[in-house]
Amino acid sequence: MEKLAIKGGAPVRETKLYYGHQYIDDKDIEAVVNVLKSDYLTCGPKITALEQRLCEITGAKYAVVVSNGTAALHIACLAAGVAEGDEVITTPITFAASANCALYCGAKPVFADINEHTYNIAPESVAEHMTEKTKAVVAVDFTGQAAELDSLLKICRENNAVLIEDGAHSIGTKYKGKAVGSIADMTTFSFHPVKTVTGGEGGAVLTNSEEYYKKLVLYRAHGITRDTSLMERESQGGWYYEQITLGMNYRMTDIQAALILSQLDKLDMFSARRKEIVARYNEAFSRLPEVTVQEEIQQSDTTRHLYILRIKPEKLTIGRKQFFDAMAAENICCNVHYIPVYHHPYYEKLGYERGLCPKAEKLYEEMMSLPLYYAMTDQDVEDVIHAVKKIVENYKSN
Ligand SMILES: *Cc1c(COP(=O)(O)O)cnc(C)c1O
């Protein structure tokens with residue numbers, strides 16, 4: 001048996017491998033520099049070009065790009081009409097922003113449990129949590145696999161709720177042959193550096209609804225319009241505009257938009273490499289009885305953002321924390337996605353109690369995210385597999 005690095009043995013590799021990393025090439029750099037040399041740093045042609053491109057990629061009629069994925073979720077909730085007294089159903093296994101967007105609007109996040117095999121929000125749990133107050137459902141395409149959109153849409157339609165798909169993980173994914181972005185009432189993306197495509201920061205909302213589109217544009221920029229058909233008064237001249245609602249400044253810069261456009265040229269390449277790595281991990285880990293591989297959703301042709309390794313505590317003498325620490329000692333830096341949102345102190349103070357979503361809480365205790373990003377070499381991938389096997393070998397119970 002190989003001696004573990006955490007017990008003084010040699011690590012599987014000398015340098016640290018991180019769980020995610022952006023990939024920036026010379027074309028990306030050139031695209032950004034060109035904007036810096038141009039007339040527009042914001043509200044310029046790259047914004048329109050990016051919105052058009054996102055529509056082409058997803059098949060959505062409208063795209064509204066914003067400063068980040070959190071801003072995208074916020075204006076999507078506003079456009080859906082989420083307001084004080086409403087409820088918004090989401091999953092606890094997500095980044096806090098998927099629930100915070102309800103709080104921004106004065107509404108209450110309600111947590112539905114996950115499917116224990118796919119880790120996505122379970123439609124039957126969403127249905128159970130529907131009330132007269134439910135205004136929207138924020139369904140996360142966790143790790144990149146599309147949520148069960150058909151079932152969720154049906155439940156939303158029956159209950160007069162809006163389906164917002166948090167696609168922060170899923171750009172490039174198709175659900176039943178259709179790209180995410182054109183299926184839910186609104187879909188949001190994030191272009192944070194850890195996501196598949198980056199702009200440093202950035203976000204977008206996609207929709208087929210002209211009504212939502214018009215609202216999204218208003219909420220993105222102060223609630224101000226120059227469109228005379230929306231104005232309440234007569235125009236007073238060429239300079240005239242009106243603020244007709246309360247919006248934010250959630251604009252994206254042309255610098256970000258240019259970088260995202262350049263990155264989108266590489267989306268197929270990013271997607272293919274991520275699929276390759278996931279296939280190699282699945283092949284290796286499905287042979288280990290001590291761990292569980294996330295179930296592949298057949299309707300989802302997935303561009304993976306995250307790879308989850310789930311341990312079976314009953315087959316090991318250690319828990320997730322010790323496993324995670326042992327991986328770090330081998331120089332494989334994992335992460336955990338996510339701490340159930342309602343476990344955070346802020347949510348606890350709002351009155352959310354443990355035990356709300358047992359499947360999500362159990363998953364949290366047993367999972368970690370392994371390195372997954374475009375620029376990983378085959379050797380990096382083998383190092384991760386080697387480390388997992390080494391730890392399992394040392395700690396398996398029998
Ligand atoms: C990253 C992420 C967000 C937030 O996106 P930002 O661009 O960082 O604001 C929202 N939801 C999920 C599921 C995410 O992973």
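By class, eleven nonpolar, three polar and six charged residues make up the lining of the largest pocket. Here Ala, Val, Leu, Ile, Met, Phe, Trp, Tyr, Cys and Pro count as nonpolar, Asp, Glu, Lys and Arg as charged, and the others, Gly among them, as polar.

A word on the model. It is predicted: local features need pLDDT of at least 70, side-chain atom pairs count only at pLDDT 80 or more, and totals for chains, interfaces and linings use all residues. Residues are numbered from 1 along each chain as its sequence is written, and side-chain values use heavy atoms, with hydrogens and water left out.

Back to the largest pocket. Its volume is about 590 Å³. A pocket is an open set of points on a 1 Å grid over the protein atoms alone, where a 1.4 Å probe fits, with protein on both sides within 12 Å along at least five of seven lines; lining residues have an atom within 4 Å of a point. The volume is the space filled by probe spheres set on the points, which are joined across faces, edges and corners.

The lining has 20 residues, with Val217, Leu218, Arg220, Ala221 and Ile224 nearest the centre. Which element gives the largest share of this lining? Helix α7, with five residues.

Now follow α7, residues 210-220. This helix lies across β1, β5, β8 and β9, at about 15° to β1. Helices (H or I, at least four residues) and strands (E, at least two) are DSSP runs, numbered from the N terminus. Angles run from 0 to 180 degrees between N-to-C directions, on axes fitted to C-alpha atoms, for helices over the stretch in contact.

Next, the sheet. Seven strands form an open, mixed sheet in the order β1-β9-β8-β5-β4-β2-β3. β1 (62-66) and β3 (108-111) are at the edges with a single partner strand each, so one side of each has no neighbour in the sheet. From one strand to the next, the twist averages 20°. β1 and β9 pair antiparallel over five bridges; pairing takes at least two DSSP bridges. Valine 65 has alanine 204 in β9 as its bridge partner.

Threonine 207 also sits in β9. Is threonine 207 buried or exposed? Buried, at a relative accessible area of 1%. Buried means under 20%, exposed over 50%, partly exposed in between, with a 1.4 Å probe and protein chains only. Its contacts (heavy atoms within 4.5 Å) beyond four places in sequence include Tyr62, Tyr213 and Leu216.
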